Amino acid sequence: MRSADLLILGAAQVVTVDGGRATTKRGAREMNDLRVIEDGAIAVKRGRVADVGTTNEILQRWRGYQRLHCRGRAVLPGFVDAHTHPVFAKTRDDEFALRCRGADYEEILAAGGGIHASARALRSRSVSELARDVRTRFDGMLRHGTVAVEAKSGYGLTTASELASLKAIRSAAAKHPIHAVRTFLGAHVVPQEYAGNRKAYVDLVVEDMLPRVAKQKLAAFCDVFVEKGAFRVAEARRILRAAKRLGMRPKVHADQFRDSGGARLAAELRAASVEHVDATKRAGMRALAKARVVPVLLPSASLFTHLRHVPNARALIEEGCAVALATDFNPGTSPTENLQLVASLGCTLLGMTPEEVVTAITRNAAAACGLEDSHGRIAVGRPAHLVVLDAPSYVHIPYRMGTNLVHQVLVNGRVVVDEGRIVD
Ligand SMILES: [Zn+2]
């Protein structure tokens, strides 16, 4: 008998999302293979998974100082939210009301609303004020089972406010159970004061913002919004190449409203991920699969903007992509921190299976933000980041549409959410 710090016993299912040597699960066969252990158990030692098996097997091999009885609940890897914009100063409920009365998102953006409105509000805030709000948003995510989050800047659009946004994410995550991966998105849109001179703004991003972000080690990734009304492919290529030279990995917001070549650019630059891809055509999808770029789909943003554009998840999976799902948490087009709801929309709007959506918010999402070694699956030797559901099966995640099923969250083997509340 070996001794563990904690034994998690009697789970109706331990959904490991393990198996295979690759960092992701690609295509339908792999994405549907969750490696579920019925009546499962986990031994945890020094914050890491020491063993996984049936409850009988674990009790035969291990004794534990502490026991956590799941009483028929399902245990999954902690969720990873691979695309969020948590640094903003003001909600956009006014714009939502306008859209409900028929206004169009791109028209609102062109009229100085949308991202421009967020930028005006953010620039007057200090790092500590921004960090306080980000921490509150991280609390909400954690209560919904998210243990790691990719968090972008991009609502400042000046050097000072972009740096402040990244520092706010760093500060909010410092004493928080959530692990945050920072992405610099200075090229979110061209700010209004540069409307007549886009080249000057791209110069500012490349020559001023990027070197400072790199020098202060403020971001692991650099993202660009490629779209009519935002940045062109050639501008994005210049920004992302400069970021790569400074050690940041590229990400691309691509083809949200039309196929403007963003997905092909992501493949060309071997980006870690490409986000939205609502309007990407087959050739772009094939390029993504070949270059092993993870498409991060954001169906709650599609739903919230009245379903004008919905990504073709089935075609992406058919082409052999490792699809991930994320909330796109932001004040304009997706103000939800609930990845379980997004998983549900993956099934109902995008035609994915319950197994595929679970893979998409765990293992594939972890790979999309460079966390493939620490997050996204339950396996021996890995940190014990776990979610205990108040339900007997992972199928309840998409099935219970919008309900928060999280009973407990464990980070490094320690309970950080218990019965829906954050434990200090
Ligand atoms: Zn986004």
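Which angles do the 4 donor atoms around the zinc ion subtend, and what does this make the arrangement? The structure is a predicted model, in which local features require pLDDT of at least 70 and side-chain atom pairs pLDDT 80 or more, while totals for chains, interfaces and linings use all residues. Residues are numbered from 1 along each chain as its sequence is written, and side-chain values use heavy atoms, without hydrogens and water.

The zinc ion has as protein donors His-83 (NE2), His-85 (NE2), His-253 (NE2) and Asp-328 (OD), at 2.1 to 2.6 Å. Donors are N, O and S atoms within 2.8 Å of the metal (3.2 Å for Na, K and Ca); water is not among the atoms, so sites may look incomplete. The angles subtended by the 4 donor atoms run from 79 to 166°, which makes the arrangement irregular. Along the chain the donor spacing is H-x1-H-x167-H-x74-D. Because His-83 belongs to strand E6 (residues 79-84) and His-253 to strand E10 (residues 249-254), the pair ties together parts 170 residues apart in sequence. Helices (H or I, at least four residues) and strands (E, at least two) are DSSP runs, numbered from the N terminus. Both His-83 and His-253 are buried, that is, under 20% relative accessible area with a 1.4 Å probe and protein chains only.

In helix H5 (residues 115-122), 6 of the 8 residues are buried, including Ile-115, His-116 and Leu-122.

Technical notes
Tetrahedral: all angles 85-135°; square planar, octahedral: opposite > 155°, others 65-115°. Buried < 20%, exposed > 50% of the residue type's maximum accessible area, 1.4 Å probe, protein only.
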